Amino acid sequence: TTAADKVTCFSDSASFLTLLAPGAMITAAGIQEGGTSQASPHVAGAVAVLRAAFPGESQAATLARLTTNGIPVTDARNGLVKPRINVLASVRPANDNFSARTNLAGNSGTAGGTNLFATRESGESALTEGVGGHTVWWKWIAPATGQLVLDTHGSSIDTVLAVFPAATGASGLVPMAVNDNDGSSNGASGLLFMVAAGTEYEIAVDGMGTGTQGALVVNWSLITNPAANLS
């Protein structure tokens, strides 16, 4: 008999084992078998997917995606815990979840990213009507009081940009500022708002429209001596 995420009785086990993969009982090409002959192609296929999704990453980075995002499975025979491959979790952006938002530091800078395969968390509301549901997150702590210029210029997709006050989770957040198009090319977004020194701000970017996914760029610049444009 077989069961999900249980180490089979015939499986080898060792402290230096890297990954677990489905190995019993697998039906392919009209043949049902169990063993390494089935587990190995699952791993090879997972690696092929990740290499196609992230062609610029090193092999070590690909392996790290599989091991850090795998489902932990305990071998009841010896208590060893090893990751079972989870391709969908491995291909998602590192800052897909609010809790794993990427830190932006300093008065100004540019950060790259993607919302490819990103998801909307439980309780996370759409940033604005028509948003595609592939949100990724950053955070920034203001080094000083002033105006923050924040935009997604250079992104490959039509974006929606939102900023939230400091929070502990994505559920029920209400944006303090949100923008779809700021008039620049490719549907990029832009915001200008006041910030207070030492205060954390949560930043979310999504694609505008269902399924809109691609490469993202986030640019920020703090103006510490803002002046009104009286003209």
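This section describes the nonpolar cores, the salt bridges and a surface patch of a predicted model.

The largest nonpolar core comprises 23 residues, of which Trp138, Trp140 and Leu150 touch the most other members. Two or more residues each are supplied by strands E7 (136–141), E8 (146–151), E9 (159–165), E11 (190–195), E12 (200–207) and E13 (215–223). The greatest contribution is that of E13, with four residues. Beyond its neighbours within four places in sequence, Trp140 is in contact with residues including Leu104, Leu148, Val195, Glu200, Tyr201, Trp220 and Leu222. A separate core of nine residues includes Ala39, Leu50, Leu66 and Val91.

Five salt bridges are present in the structure. Arg101, Glu200 and Glu202 are linked in a salt-bridge network. In the pair formed by Glu200 and Arg101, the N to O distance is 3.0 Å. Glu200 lies in strand E12 and Arg101 in the loop between H3 and strand E5 (102–104), so this pair ties together parts 99 residues apart in sequence.

Arg84 is partly exposed at 21% relative accessibility, as is Asp5 at 33%.

On the surface, Leu88, Leu116 and Phe117 form a nonpolar patch with about 240 Å² of accessible area together. Leu88 is located in helix H3 (residues 87–91) and is partly exposed, at 46% relative accessibility.

How values were computed:
Residues are numbered from 1 along each chain as its sequence is written. This is a predicted model: local features need pLDDT of at least 70, side-chain atom pairs count only at pLDDT 80 or more; totals for chains, interfaces and linings use all residues. Side-chain values use heavy atoms; hydrogens and water are left out. Patches are made of residues with over 30% relative accessible area and no salt bridge: like charges are joined within 9 Å, nonpolar side chains (Val, Leu, Ile, Met, Phe, Trp, Tyr) within 5 Å. Accessible areas come from the Shrake-Rupley method with a 1.4 Å probe; for residues, only the protein chains shown count as cover. A salt bridge is a side-chain nitrogen of Lys or Arg within 4 Å of a carboxyl oxygen of Asp or Glu. Buried means under 20% relative accessible area, exposed over 50%, partly exposed in between (1.4 Å probe, protein chains only). A nonpolar core is a set of buried Ala, Val, Leu, Ile, Met, Phe, Trp, Tyr and Cys residues joined through side-chain atoms within 4.5 Å. Contact means heavy atoms within 4.5 Å.
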